[in-house]
Amino acid sequence: MTMFCDVQKEGALLVVTMNNPEKLNALGPTSHEEMASIFNDFEDDPKLSVAILTGAGRAFCSGSDISAYVAGTNKPLPPEGGGGLTHNHRLSKPVIAAVNGLAMGGGCEIALSCDMLVASENAYFGLPEPLVGAAALGGGLIQICRKLPYSVAMKVILTGDRLSAEEALRYGLISEVAPEGGALDAARKLAKRIMRCSPVALSATRQMARLALSGMPTAEIEKIEENVRAKVMASDDFKEGMAAFLDRREPVWTGH
């Protein structure tokens, strides 16, 4: 049973909605553990291949519930990190953030941890932690400095300024801008295109893309790539994909 999130399965798609709109989906003491459990279950479910994370109301997520820090009821993050995503190195399936409004602080960190971000035109991104005496040490500084030009990243993280959806798109931080209220629909369309692909191939592709961004030496990545290639080519999905192409039919993926 979930308390903070609504979880819906739509075929091979999992839609996770952070649902505390009165507090702009602020993350309470147990929210991170709940979301870690949700995304671990997503990883372990062979019937699911793509997830969308969004927020109810006018915000994606406004970050941590500061009242919990003041009251001393906050808890350490789970090993998977903020929202079960910022340090989740076990996850092999793609996650799309459908950013329907504010994505601030920890909410921005969670969004940046997703593989693709679709934002409504009224969305904003920011890491304002220094304005309240904190720092974005849940993975946000690493992500934003990797994904934005240095001077732009430093302006955002040292001033607490927000980036609009249009600015985020211009700098390549997000994949797409949707009309206000349309982020989830746009994310569903994107997920549908992704789900045409083999789950085995998606996992391998995501793994190598993440390694390419990790800073690992190229020679080491190439060694891993050889093993990943061998596993893909030995998979049932690879055989099915080749056969379907030659037969001019749609492939039927098993994820094996």
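Biologist: Is Cys145 buried, partly exposed or exposed?

Modeller: Start with the general idea: buried means under 20% relative accessible area, exposed means over 50%, and partly exposed is in between (1.4 Å probe, protein chains only). Cys145 has a relative accessible area of 37%, so Cys145 is partly exposed. Before we go on, keep in mind that this is a predicted model, where local features need pLDDT of at least 70, side-chain atom pairs count only at pLDDT 80 or more, and totals for chains, interfaces and linings use all residues. Residues are numbered from 1 along each chain as its sequence is written, and side-chain values use heavy atoms, with hydrogens and water left out.

Biologist: How many disulfides does a search of the whole structure find?

Modeller: A disulfide is a pair of cysteine sulfur atoms within 2.5 Å. The search turns up 0 of them. For Cys145, the closest cysteine sulfur belongs to Cys108 and is 12 Å away, too far for a bond. Cys108 in turn has its closest cysteine sulfur in Cys61, at 10 Å, which is also too far for a bond. Cys108 is buried, by the way, because its relative accessible area is 1%.

Biologist: On to rings. How many aromatic pairs are there?

Modeller: Rings of Phe, Tyr and Trp (its six-membered ring) pair if their centres lie within 6.5 Å; planes under 30 degrees apart count as stacked, over 60 as edge-to-face and the rest as tilted. By that rule you get 1 aromatic pair. It is formed by Phe39 and Phe42: the ring centres are 6.5 Å apart and the planes stand at 85°, so the pair is edge-to-face.

Biologist: Where do Phe39 and Phe42 lie?

Modeller: Helices (H or I, at least four residues) and strands (E, at least two) are DSSP runs, numbered from the N terminus. Both Phe39 and Phe42 are in helix H1 (residues 31-44), 3 residues apart, about one turn of the helix. Phe39 has 0% relative accessibility, so Phe39 is buried. Phe42 counts as buried too, at 1%.

Biologist: Which residue has its charged end over the ring of Phe42?

Modeller: The rule is that a charge sits over a ring if NZ of Lys or CZ of Arg is within 6 Å of the ring centre and within 35 degrees of the ring normal. Here Lys93 does that, 5.1 Å from the centre of the Phe42 ring. Look at Arg170 as well: Arg170 lies over the face of Tyr171, at 5.3 Å from the ring centre.

Biologist: What about backbone angles? Which phi does Asn25 have?

Modeller: Most residues other than glycine have a negative phi. Asn25 is not a glycine, yet its phi is positive, about 60°. You'll find Asn25 in the loop between strand E2 (13-18) and H1, and at 0% relative accessibility Asn25 is buried. Arg248 has a positive phi as well, about 55°, and is not a glycine either. Arg248 is in the segment after helix H10 (236-247); with a relative accessible area of 80%, Arg248 is exposed.

Biologist: And at what distance are the C-alpha atoms of Thr218 and Phe4?

Modeller: They are separated by 41 Å, and the two residues are 214 residues apart along the chain. Thr218 belongs to helix H9 (residues 218-233) and is exposed, at 54% relative accessibility.
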